Amino acid sequence: MLAVLKNDDFIYQLVFLLHILSAIVAFAPVMVWPIVNLQTRKRGVTVPGEVAGQAAVNNVTVHGPALVATGVFGLLMVVLSDEIYEFSQAWISIAFVLWFALLGVLFGLLTPAERKAAAGDAEAARKVPMFGGFVHILLLLILIDMIWKPGL
């Protein structure tokens, strides 16, 4: 349905493009950093704290703002949809709850744990994969919500 929605409206298409692009930027690291950490450990390199520290910096400067932008562009898409989509629809409400949960996990759990891991906190280093897993699960739930649109 979204593919044909507003297919002749440049502004809507631009906002849709920015929504998808910002989502890719927001979620790429949570898929890549765990692989980088695993590869470093397998090679016997003892700098996982350094990797976690860089991940924390990137979360605050690049990926977190992209996650915020993803939600903002999603809001704009609803506004620009000429009442095809409305804020009262269940799937949109679910998406926003999941988006706020993602923001909480990224800024309240994952990034602080990565910072502590970078400083040598072994307990925090053990929590980083778990918090990354929370992001994976929330991403999956958002994708399911966006594809099947429950309540529509």
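A pocket is, on a 1 Å grid over the protein atoms alone, an open set of points where a 1.4 Å probe fits, with protein on both sides within 12 Å along at least five of seven lines, and its lining residues have an atom within 4 Å of a point. The model is predicted, so local features need pLDDT of at least 70 and side-chain atom pairs count only at pLDDT 80 or more, whereas totals for chains, interfaces and linings use all residues. Residues are numbered from 1 along each chain as its sequence is written, and side-chain values use heavy atoms, with hydrogens and water left out.

**Figure 1. The chain as a whole has four helices and zero strands.** Helices (H or I, at least four residues) and strands (E, at least two) are DSSP runs, numbered from the N terminus. In sequence order the pattern reads α-α-α-α. The C-alpha trace spans about 55 × 25 × 20 Å along its principal axes. Of the 152 residues in the chain, 39% are buried, where buried means under 20% relative accessible area, exposed over 50%, and partly exposed in between (1.4 Å probe, protein chains only). Among contacts (heavy atoms within 4.5 Å) with a separation of 6 or more, 73% join residues 24 or more positions apart.

**Figure 2. The second largest pocket holds about 460 Å³ of space.** A volume is the space filled by probe spheres set on the grid points, which are joined across faces, edges and corners. The lining comprises 27 residues, of which Trp33, Asn37, Glu114, Val128 and Pro129 lie nearest the centre. H1, H2, H3 and H4 each give two or more residues to this lining, and the largest share, nine residues, comes from H1. By class, the lining divides into 20 nonpolar, five polar and two charged residues; Ala, Val, Leu, Ile, Met, Phe, Trp, Tyr, Cys and Pro count as nonpolar, Asp, Glu, Lys and Arg as charged, and the others, Gly among them, as polar.

**Figure 3. The largest pocket has a volume of about 600 Å³.** Its lining is formed by 28 residues, and His19, Ile20, Thr70, Ile142 and Met146 lie nearest its centre. The elements that give two or more residues to this lining are helix H1 (10-42), helix H2 (48-80), helix H3 (90-118) and helix H4 (122-148). The lining has 23 nonpolar, four polar and one charged residues.

**Figure 4. Helix H1 carries a kink of about 30° at Phe27.** The bend at a residue is the angle between axes fitted to the seven residues ending there and the seven starting there. The kink lies shortly before the proline Pro29. H1 has 33 residues and reaches 48 Å from its first C-alpha to its last, close to the 48 Å expected at 1.5 Å a residue; the expected span is 1.5 Å times one less than the number of residues. Buried residues of H1 include His19, Phe27, Pro29, Trp33 and Asn37. Of these, His19 is one of the residues nearest the centre of the largest pocket, whereas Trp33 and Asn37 are among those nearest the centre of the second largest pocket.

**Figure 5. Helix H4 bends by about 25° at Val128.** A proline, Pro129, follows within four residues of the bend. The 27 residues of H4 reach 40 Å from first C-alpha to last, close to the 39 Å expected at 1.5 Å a residue. Among its buried residues are Ala124, Val128, Phe131, Val135, Leu139 and Ile142. The buried residues of H4 pack against H1 and H3. Arg126 also belongs to H4 and counts as exposed because its relative accessibility is 56%. In the segment after H4 lies Lys149, which has a positive phi near 45° although it is a residue other than glycine. Lys149 counts as buried because its relative accessibility is 13%.

**Figure 6. Helix H3 bends by about 35° at Leu106.** H3 has 29 residues and reaches 40 Å from its first C-alpha to its last, close to the 42 Å expected at 1.5 Å a residue. Phe107 is placed in H3 and counts as partly exposed because its relative accessibility is 37%. Leaving aside neighbours within four places in sequence, Phe107 contacts Asn59, Val60, Gly64, Pro65 and Pro112. After H3 comes Gly120, with a positive phi near 100°.
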